[in-house]
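Reader: Hi, I'm new to this one and would like to ask a few things about it. Could you put it up first?
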Amino acid sequence: MDDILKAVEKEYLKEREEFSPGDIVRVHERVSEGSKERIQIFEGIVLKRSGAGTREMVTVRKVSSGIGVEKTYPVHSPKIEAIELVRSHRTRQAKPYFLRRLRRIR
Amino acid sequence: MALGILARKIGMTQLFVDDRAVGATVMETQPCTVVQVKTLETDGYNALQLGYQEVAERKVTHPLQGHYKKAGVPSHRHLFEVRVDDPSAYKVGDKIGVEIFSEGAKIDVTGISRGLGFQGVVKRWNFAGGPKSHGSHFHRRPGSVGNCVEPGRVVKGKKLPGHTGNHRVTIKKVRVLRVDPERNLLVFKGSTPGPRGSVLQLRKSDG
């Protein structure tokens, strides 16, 4: 039964660059303001990927004017134009949450 | 009118429709066979009797074996009826599959809900229950069930604890998201009664 579910979900999956927690990525999100649409870019470090198939989410963290900001996106949402890999890092943790408590980063 | 088929619930997932994530149920089916055509003249109403899921003859009871033999179709695990306006358009042995539904159309989904056993009034009827603490001893009780001497009995239909679930539930006007006649799949928005693997009726909605 799960195979059938996966087959149905597969048609909704987007082709995404490979990236894993610890990598720095640039998320291109389509945002509509009124009638206009533009692409908003959010660049940060991947904290985690959770879920599978169409439900997979990715949490990206960056420090914006001294304040840590985290955004969580559905990886396969049609509103996400691209997730661009900027730099790959080796991490020892599967979920590098320690970054939240680091005094200085980037 | 309400042409329909039987299908098996595969499970739920989340799909993107018009840039939005929606919860969706995936159903798998096999084309249903027309076993009997009921007409106004012979039966008093117009309907089709459909069989779902072919099985070996020995798997069905003797009376049913006779019924299938008379129709000249293989034995099926499930039999059910759908009302139709024009029974002359169908004949015994015809196959009806998911192609009768179109994407974006509304359907009614009928199934048996999960049996929950004997449940209290909070789960069964969504009573609020009492405070959990602050000296309260009234936690999940039903409270008063009626008056005193007049009427001197509990009114019929009073919501009380009892067996919950395992009854027939119909969800009306569910939007079909995808139809795949090749793989015999149908996907619709929202949830359904019953666990995965249960057999549900899918019918075209009226109007």
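Reader: Which residues are linked with A:E11 in a network of salt bridges?
Author: A:E11 is linked with B:R178, B:D180 and B:R183 in that network. A salt bridge here is a side-chain nitrogen of Lys or Arg within 4 Å of a carboxyl oxygen of Asp or Glu.
Reader: Before I go on, what should I know about the model and the numbering?
Author: This is a predicted model, where local features need pLDDT of at least 70, side-chain atom pairs count only at pLDDT 80 or more, and totals for chains, interfaces and linings use all residues. Residues are numbered from 1 along each chain as its sequence is written, chains are lettered from A and ligands numbered from 1 in the order in which they are written, and side-chain values use heavy atoms, with hydrogens and water left out.
Reader: OK, how many salt bridges are there between chain A and chain B?
Author: The count between those two chains is 3. One salt bridge joins the side chains of A:R30 and B:D19, at 3.3 Å from N to O.
Reader: And which part of chain A gives the largest share of the side that touches chain B?
Author: That's helix 1 of chain A, residues 2-10, with 6 residues. Helices (H or I, at least four residues) and strands (E, at least two) are DSSP runs, numbered from the N terminus. By class, chain A's side has 8 nonpolar, 3 polar and 6 charged residues. Ala, Val, Leu, Ile, Met, Phe, Trp, Tyr, Cys and Pro count as nonpolar, Asp, Glu, Lys and Arg as charged, and the others, Gly among them, as polar.
Reader: How much area do the two chains bury between them?
Author: About 1600 Å², with 64% of it on carbon and sulfur atoms. Buried area is the accessible area (1.4 Å probe) that two parts lose on being put together, summed over both. In residues, 17 of chain A are in contact (heavy atoms within 4.5 Å) with 18 of chain B.
Reader: Now inside chain A: what does A:E43 pair with in a salt bridge?
Author: Its side chain meets that of A:R26, at 2.9 Å from N to O. A:E43 lies in strand 2 (residues 36-50) and A:R26 in strand 1 (residues 24-33) of chain A, so the pair ties together parts that are 17 residues apart in sequence.
Reader: How accessible is A:E43?
Author: A:E43 is partly exposed at 22% relative accessibility, and A:R26 is partly exposed at 28%. Buried means under 20% relative accessible area, exposed over 50%, and partly exposed in between (1.4 Å probe, protein chains only).
Reader: Last one: is B:Q49 buried or exposed?
Author: B:Q49 is buried, with a relative accessible area of 12%, and its place is in strand 4 of chain B.
Reader: Which side chain does B:Q49 join in a polar contact?
Author: That of B:H67, at 2.7 Å. A polar contact is a pair of N or O atoms within 3.5 Å; within protein, one must be able to donate a hydrogen and the other to accept it, and residues adjacent in sequence count only if both atoms are side-chain atoms.
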